[in-house]
Amino acid sequence: MDASLALQYAIIAIAVVVSAWVVLKKQFPGPVRKARIALALPLLREGRAAWQQKLGRWIAPAGSSANDAACGGCSGCGPDKKG
């Protein structure tokens, strides 16, 4: 296989994976959050190497506030509640 063809396939594969991740995050935010937690927790345990804990913190989803918990935590939708 030609090197340029392999590079083209690699770029297309990366684009497909990124596109699938964006769609999953938009359409299924709850299951994606649970999967990220399930992947991050084993890496964050005491006794793990520093690089594993750093990777676990990177994978783990950001914490949500009490206001975000009701709708899944997107923080970008709904009416303004100023009055």
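Biologist: On what basis are the residues numbered and the values computed?

Modeller: Residues are numbered from 1 along each chain as its sequence is written, and side-chain values use heavy atoms, with hydrogens and water left out. This is a predicted model, in which local features need pLDDT of at least 70 and side-chain atom pairs count only at pLDDT 80 or more, while totals for chains, interfaces and linings use all residues.

Biologist: How many helices and strands does the chain have?

Modeller: Helices (H or I, at least four residues) and strands (E, at least two) are DSSP runs, numbered from the N terminus. The chain has four helices and zero strands, and its pattern along the sequence is α-α-α-α.

Biologist: How much of the chain counts as buried?

Modeller: Buried means under 20% relative accessible area, exposed over 50%, and partly exposed in between, with a 1.4 Å probe and protein chains only. Of the 83 residues, 10% count as buried. The accessible surface, from the Shrake-Rupley method with a 1.4 Å probe, comes to about 7,100 Å², and 64% of that surface belongs to carbon and sulfur atoms.

Biologist: What span does helix H2 reach, and what is expected?

Modeller: The expected span of a helix is 1.5 Å times one less than its number of residues. H2 comprises 15 residues, 29–43, and reaches 22 Å from its first C-alpha to its last, close to the 21 Å expected.

Biologist: Which residues of H2 are buried, and which are exposed on the other side?

Modeller: An α-helix has 3.6 residues a turn, so residues three or four places apart point the same way. In H2, the buried residues are Val32, Ala40 and Leu43. Seen down the axis, these buried residues fall within an arc of 60° (taken over the directions from the helix axis to the C-beta atoms), so they line one face of H2. Pro31, Lys34, Ala38 and Leu41 are exposed on the other side of H2. The cover over the buried residues of H2 includes helix H1 (3–27) and helix H3 (50–59).

Biologist: At what angle do H1 and H2 pack?

Modeller: Two packed helices are described by the angle between their axes and the distance between the axes. Axes are lines fitted to C-alpha atoms, for helices over the stretch in contact, and angles run from 0 to 180 degrees between N-to-C directions. H1 and H2 pack at about 115°, with their axes 5 Å apart. They are therefore roughly perpendicular to each other, a term for angles of 65 to 115 degrees. The contact (heavy atoms within 4.5 Å) involves Trp21, Leu24, Lys25, Lys26 and Gln27 of H1, together with Pro29, Val32 and Arg36 of H2.

Biologist: Which residues of H3 are buried, and what covers them?

Modeller: Gln52, Gly56 and Ile59 are the buried residues of H3. Viewed down the axis of H3, they fall within an arc of 65°, so they line one face of the helix. The face turned away from this buried side carries the exposed residues Ala50, Trp51, Lys54, Arg57 and Trp58. H2 is included in what covers the buried residues of H3.

Biologist: Where is leucine 55 placed, and how accessible is leucine 55?

Modeller: Leucine 55 lies in helix H3 and is partly exposed, with a relative accessible area of 32%.

Key: Parallel < 35°, antiparallel > 145°, perpendicular 65-115°, else oblique.
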